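Colleague: I would like to learn how to read a model of this kind, feature by feature. Could you take me through it, giving the general idea and then the case at hand?

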Amino acid sequence: MKKIIAAACTAAFLLSSGCSAMPINSGSDIMRESVPPAAEEHSYTPLNYTNQVGMWLPYVKFPEIMQGKSEEQFRKAVAEILQDAAAENVNTLYFHAHPMGDAYYSSEIFPKGSYLDGDYDPLQIVLDEAHRLGISVHGWINPLRLQTEEEMNRLPDDFIIKKWINAGEPYVKAVNGRWYLVPSYPETVELLEAAIGEILDNYDVDGVHIDDYFYPTTDEDFDSAEFEKSGESDLAEWRTDVVSRYVKVIRDAVKSHDERLLFGISPQGNIDSDYSSQYADVRRWGSDKGFCDYIAPQLYFGFENECCPFLPTLAQWEELVGGGVSLIVGLAPYKLGREDKWAGAAGELEWINDPDIIDKQIAAVKSSEAEGYALYY
C-alpha cells in the first residue's frame, strides 16, 4: 500500500484546506464502549447506536445543496436536512464521501467531486453539524466505480487512475462508458485501503458504509485474464470470492484504525440477484462479523410487489442474518406517490394508493428481529 500512497500523493487534488453527543432519542441505546489501548491516543469516541435509524445522503442530492453554493449556504442546507432527519428519529447518516473515484473531502489521492465548486470541505461540515445533533456519520464509499471516460479525459495525468489508463495497466476497465477498478488485482485493493485510510486518519467519522455496486458487469471479458490465471473453473464462484476478499480488506482497514468504528454493507434486497448479478455473498457477510458489523439490505419493495413482497423478503433477511451482525432494513420513502413499474400489476400503484406504506413497514421492522431501519429519500 505504501507504493500506492506514494504515487497517489503526487496528485494535486487537494481541497482547501466532532465531538460526541447524547442520543437524539431517549429510546435509542447509544454505544459507548471502553477505549481500547490502541485508540487511547485518539481523543474522539465514535458515536453509534445499538438501535440504528439511518438515512442516506447520496451524491445525487449534491447539485441541489452543494453545486454553486458557498460554504455558508452548504452548511445551512446540511443543517436543515439533519434537523428534519432528527425529527424523523434518524440517528445515523450515511454521507456519500467517495461516490465515483472522487472525493467530497480533502484528499491527496482523488480529485474533488464535480459538484463541489466551492472552497470548503463537505465531509467536515457534515460531521460538525451531525455531531452537534448527536447524529452518527458513516462515510459512504463506492469501492469500484470511477469517472466516465469523458470525465477522465479532463483530469490531470498525475491522477493515479489516469496513470494506469495511460500506461495500459489492466487494473481499470471501461464498462458502458464508465471506468471501474478491477478488484482481482492487489494494486486496486491497496488503493481501496489507501482511500479508507485517508478518511479515517483525517476525519472523526463513526463508521464506513458501502452499498450495492460490488461488481460492474457480468460480462466474462471484464476480468478473463485474471480468472484464467487463477486456475479456477467457476467464474461466478471466483468473482464471489474476489468480492468477499476486498470487502474484508475494507472491514479490516476500518477496524485496524479503531475497533469501535462500524462497518456496514447495503446490498440490494433481492438475495438471488445479489449472487447472480453482483457476486455478493450476503449469506456469508450476514452471519460473520469478520465481514461487517451491520448489513442494510435495500428492501425497496411494497407489500404487494410480485417479485419480492416486503414481508416475506424481510423474513428471508431475518433468517439470513446472525453471528453478531445487525440487520438494518433499508426502506424507500422516495417511492411514495410514484408508480412502481417493476412491481408487477398487483404492486404497480401501491406507492400511490397507500400513503402510509412506510409507516407500516417501519412498524413491521420494529416487530421483527432487525435492529433498525434506514431511509432513502
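**Reading burial, strands and sheets**

Modeller: Asp 354 is buried, because its relative accessible area is 16% and the cut-off for burial is under 20%. Please keep in mind throughout that this is a predicted model.

Colleague: Where in the chain does Asp 354 lie, and which residues does Asp 354 touch beyond its neighbours in sequence?

Modeller: Asp 354 belongs to the loop that connects α14 (350-353) with α15 (357-366). Leaving aside residues up to four places away in sequence, Asp 354 is in contact with Leu 336 and Lys 360.

Colleague: How much of the protein chain is buried, and how many helices and strands does the chain have?

Modeller: Of the 377 residues in the protein chain, 55% are buried, and the secondary structure comes to 15 helices and 14 strands. The accessible surface of the chain is about 16200 Å², with 47% of that area belonging to carbon and sulfur atoms.

Colleague: How should I read a strand, and why is strand β4 described as largely enclosed?

Modeller: The general idea is that in a regular strand the side chains alternate between the two faces of the sheet. In this structure, strand β4 (residues 92-98) has 7 of its 7 residues buried, and it is therefore largely enclosed by the rest of the structure.

Colleague: Which strands pair with β4, and in which sense, parallel or antiparallel?

Modeller: Strand β3 (residues 52-57) pairs with β4 in the parallel sense over 4 bridges, and Thr 92 of β4 is the bridge partner of Gly 54. Strand β5 (residues 136-141) also pairs with β4 in the parallel sense, over 6 bridges, and here Phe 95 stands opposite Gly 139 in β5. Between β4 and β5 the chain passes through helix α4 (residues 122-132), making a β-α-β crossover that is right-handed.

Colleague: In what order do the strands of the open sheet with antiparallel pairing run?

Modeller: That open sheet has 3 strands in the order β6-β8-β7. Its edge strands, each pairing on one side only, are β6 (145-148) and β7 (172-175). On average, and with direction ignored, neighbouring strands of this sheet are turned by 30 degrees against each other.

Terms used: Residues are numbered from 1 along each chain as its sequence is written. This is a predicted model: local features need pLDDT of at least 70, side-chain atom pairs count only at pLDDT 80 or more; totals for chains, interfaces and linings use all residues. Side-chain values use heavy atoms; hydrogens and water are left out. Helices (H or I, at least four residues) and strands (E, at least two) are DSSP runs, numbered from the N terminus. Buried means under 20% relative accessible area, exposed over 50%, partly exposed in between (1.4 Å probe, protein chains only). Accessible areas come from the Shrake-Rupley method with a 1.4 Å probe; for residues, only the protein chains shown count as cover. Two strands pair if DSSP finds at least two bridges between them. Axes are lines fitted to C-alpha atoms, for helices over the stretch in contact, and angles run from 0 to 180 degrees between N-to-C directions. Contact means heavy atoms within 4.5 Å. A crossover is right-handed if, with the strands pointing away from the viewer, the path from the first strand over the helix to the second runs clockwise.
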